[in-house]
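Hi,

Here is the structure I promised to pass on to you. Have a look at it first, and then read on for what turned up.

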Amino acid sequence: MVRTKCDIGSIRFILYALMLLFSQKLTAQTKVDPGDISGNFQMDAQYYREDTLIGAPDFPENVGSNSFLNLLYTRNKFQAGIRYEAYLPVQQGFLRTTGSGLPYRYAKWTDTKFELTAGTFYEQFGSGMVLRSYEEWGLGFDNSIDGFRGKVRPYEGVELTGLVGRQRNAFSNRVENLSAGLIRGFDANWNINETFDSLNIKTRIRIGGSFVSRYQKDEDPIQNYPENVAAMAARVNLNRKGFNLFVEVAKKINDPSTVNNIIYKDGSGVLVQGSYARKGLGISVQAKRIDNMDFRSDRTATFNNLNLNFLPPQTKQHTYRLATLFPYATQPLGEWAGQVEVAYKIKKGTRLGGKYGTSLTFNWSRIHGLDKVPNLNMPSEGYDADFFGISEKPFFQDINLEIYHKFSKHFKATLSFLYFNYDEVLFKQLTGFQTTEDVTAHVQILDMSYKVKKKQTLRMELQHAYTQQEFGSWAMALIEYSIAPRYFIAIFDEYNYGNEDEDLRLHYFSGTAGVNYKTYRFQLGYGRQRAGVLCVGGVCRIVPASNGVILSVVGSF
């Protein structure tokens with residue numbers, strides 16, 4: 001809904017800001033400390049040009065902008081905050097309502113033994129398999145909870161958390177834009193070493209448990225939906241002399257929903273993470289099994305809307321542009337995932353290590369679906385799946401090697417080799433690209449940095465992605481010059497030289513420049529943006545093709 005006049009939320013925002021300014025003035029007059037005011041803001045705006053070659057559509061308003069301002073007031077044990085957001089109109093690719101207002105506001109009181117929060121807040125229990133609310137501005141993702149939360153620390157090393165509320169849906173936290181389901185949650189954490197500090201236990205031990213329920217009234221005349229759906233989890237974390245082991249097991253009772261095609265099967269999740277580290281060597285091994293663990297505060301929600309939980313991805317989160325052509329997002333309806341990473345540093349002074357040493361990082365991840373068999377005895381449960389049963393063909397595989405070497409005080413470089421193997425159906429589902437066969441790709445990346453002077457650095461990236469599926473092969477080059485800590489300028493070009501359609505062998509040229517001043521950052525860019533998928537931590541959104549000018553202003557105070 002488009003709001004063209006100043007709404008009640010905006011008036012509250014103005015009054016609150018005036019109150020804070022008045023308190024500052026009162027301080028100067030009475031010398032009474034009213035507390036501290038801090039905050040941060042960001043504005044991302046883009047001027048759009050239609051570009052039929054790359055599929056960038058016409059944007060009637062010409063300019064889209066996403067902005068926010070956080071204000072935080074702190075005095076002794078009391079804290080209060082608000083966030084004003086404006087989408088005037090929203091940028092392409094963000095599924096939000098155009099408008100402005102105050103979707104985030106809270107008050108919090110913290111003491112040594114307890115903490116109380118009323119209003120909007122974020123929370124995570126354990127790894128997040130039964131509850132994680134958080135914000136990712138770049139993805140347009142925000143599943144904050146509006147309600148009440150209390151934390152109690154009755155003994156040293158023990159923390160208990162209880163909460164109740166509804167989740168944010170789309171733009172605002174008005175009642176009509178909160179989840180239909182009511183969330184209740186409880187979590188317990190126990191750091192045994194802190195409780196029994198005098199025993200001097202050599203192994204660090206943490207245990208915890210979580211319980212989350214969603215109440216949503218059943219108003220469907222046909223389906224018999226459970227109105228209360230509960231999820232629970234237990235976890236343990238052990239650490240000793242470089243070894244670390246984390247295990248979490250979760251279970252969710254039957255939760256028929258739009259996402260799981262209305263089946264009444266219980267959900268489950270198991271996460272195991274182990275690591276070992278000593279000087280020059282680090283090893284990490286992870287495994288995860290997920291079965292029907294999509295959990296939302298509204299049974300009818302789809303896509304990235306109203307997710308109650310977070311299922312940690314077991315893949316490397318790539319940041320180089322051509323590597324992001326092949327993203328992966330956790331499949332909550334069923335997957336077996338594993339990941340191994342080994343980091344090793346070749347010693348200084350050796351033939352391969354050189355004067356400064358050489359770092360090698362090898363990462364391998366592989367994800368399979370579950371071996372599902374239709375449940376003919378109880379069709380309402382959908383299927384059966386043995387615990388160790390996996391699909392014959394993998395969903396996704398990523399094998400990569402990264403080599404970092406410092407040649408001198410002025411020059412260093414990172415060379416990366418990556419191999420991707422992607423299931424055809426899943427690739428189309430996650431990226432929107434069409435293909436008639438599984439996708440395989442080989443990616444090579446060379447990232448070089450040369451220090452011209454004490455504060456001046458020249459950096460270059462050369463990237464190449466070879467694939468014979470859908471969009472074909474790509475090449476990319478970037479050059480960046482920075483004067484620390486204030487200025488930088490960069491230009492780059494992505495070239496889809498391998499596209500089967502010669503008319504679509506296009507260059508995606510872009511340039512950007514930025515200035516950092518104290519706690520502020522100004523960045524201006526122009527160019528083409530290819531269509532694709534942007535992923536952060538295993539959560540993804542579709543990024544549409546665009547052409548135009550991009551302005552970003554970020555600051556804190």
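Searching the whole structure, which is a predicted model, gives 27 salt bridges, each being a side-chain nitrogen of Lys or Arg within 4 Å of a carboxyl oxygen of Asp or Glu. One of them pairs R153 with E115, whose closest N and O atoms are 3.8 Å apart. This pair links distant parts of the chain, 38 residues apart: R153 sits in the loop between β8 (145-152) and β9 (158-167), and E115 in strand β5 (residues 114-121). Strands here are DSSP runs of E with at least two residues, helices are runs of H or I with at least four, and both are numbered from the N terminus. R153 counts as partly exposed because its relative accessibility is 22%, while E115 counts as buried at 9%. For these words, buried means under 20% relative accessible area, exposed means over 50%, and partly exposed is in between (1.4 Å probe, protein chains only). R153 and E115 also belong to a network of salt bridges that links them with E123, R149, K151 and E159.

Before going further, a word on how to read the numbers. Residues are counted from 1 along each chain as its sequence is written, and side-chain values use heavy atoms, with hydrogens and water left out. As the model is predicted, local features need pLDDT of at least 70 and side-chain atom pairs count only at pLDDT 80 or more, whereas totals for chains, interfaces and linings use all residues.

Two further salt bridges may interest you. In the one between R459 and D447, the side chains meet at 3.2 Å, N to O. R459 lies in strand β21 and D447 in strand β20 (residues 439-451), so this pair ties together parts that are twelve residues apart in sequence. Both R459 and D447 are buried. The other joins D266 to K251, with the closest N and O atoms 3.3 Å apart. Here D266 is in the loop between β13 (243-252) and β14 (267-278), K251 is in strand β13, and 15 residues separate them. D266 is partly exposed at 35% relative accessibility, and K251 is partly exposed at 40%.

The loop between β13 and β14 also holds I262, which has a positive phi of about 55° although it is not a glycine. I262 is partly exposed, since its relative accessible area is 30%. What about N62, which is not a glycine either? N62 has a positive phi of about 75° and lies in the loop between β1 (36-48) and β2 (63-75). With 38% relative accessibility, N62 counts as partly exposed.

Where are the cis peptide bonds to look at? One joins L88 and P89, with omega about -20°, and P89 is in the loop between β3 (78-87) and β4 (99-110). Another runs from A484 to P485, with omega near -5°; P485 is found in the loop between β22 (474-483) and β23 (487-495).

On the surface, Y450, V452, L458, M460, L462, I479, I491 and F509 form a nonpolar patch with about 650 Å² of accessible area together. Patches are made of residues with over 30% relative accessible area and no salt bridge, joining like charges within 9 Å and nonpolar side chains (Val, Leu, Ile, Met, Phe, Trp, Tyr) within 5 Å. The areas come from the Shrake-Rupley method with a 1.4 Å probe, and for residues only the protein chains shown count as cover. Strand β21 (residues 456-466) gives the most to this patch, with three residues. L458 lies in that strand and counts as partly exposed at 33% relative accessibility.

There is also a positive patch, formed by R278, K279, K345, K347 and K348. Lys and Arg count as positive and Asp and Glu as negative, with His and the chain ends not counted; a charge is placed at NZ of Lys, CZ of Arg, CG of Asp or CD of Glu. K345 belongs to strand β16 (residues 335-346) and is partly exposed at 38%.

As for the whole chain, there are three helices and 28 strands, and buried residues make up 45% of the 557 residues. The C-alpha trace spans about 70 × 60 × 55 Å along its principal axes.

Best wishes
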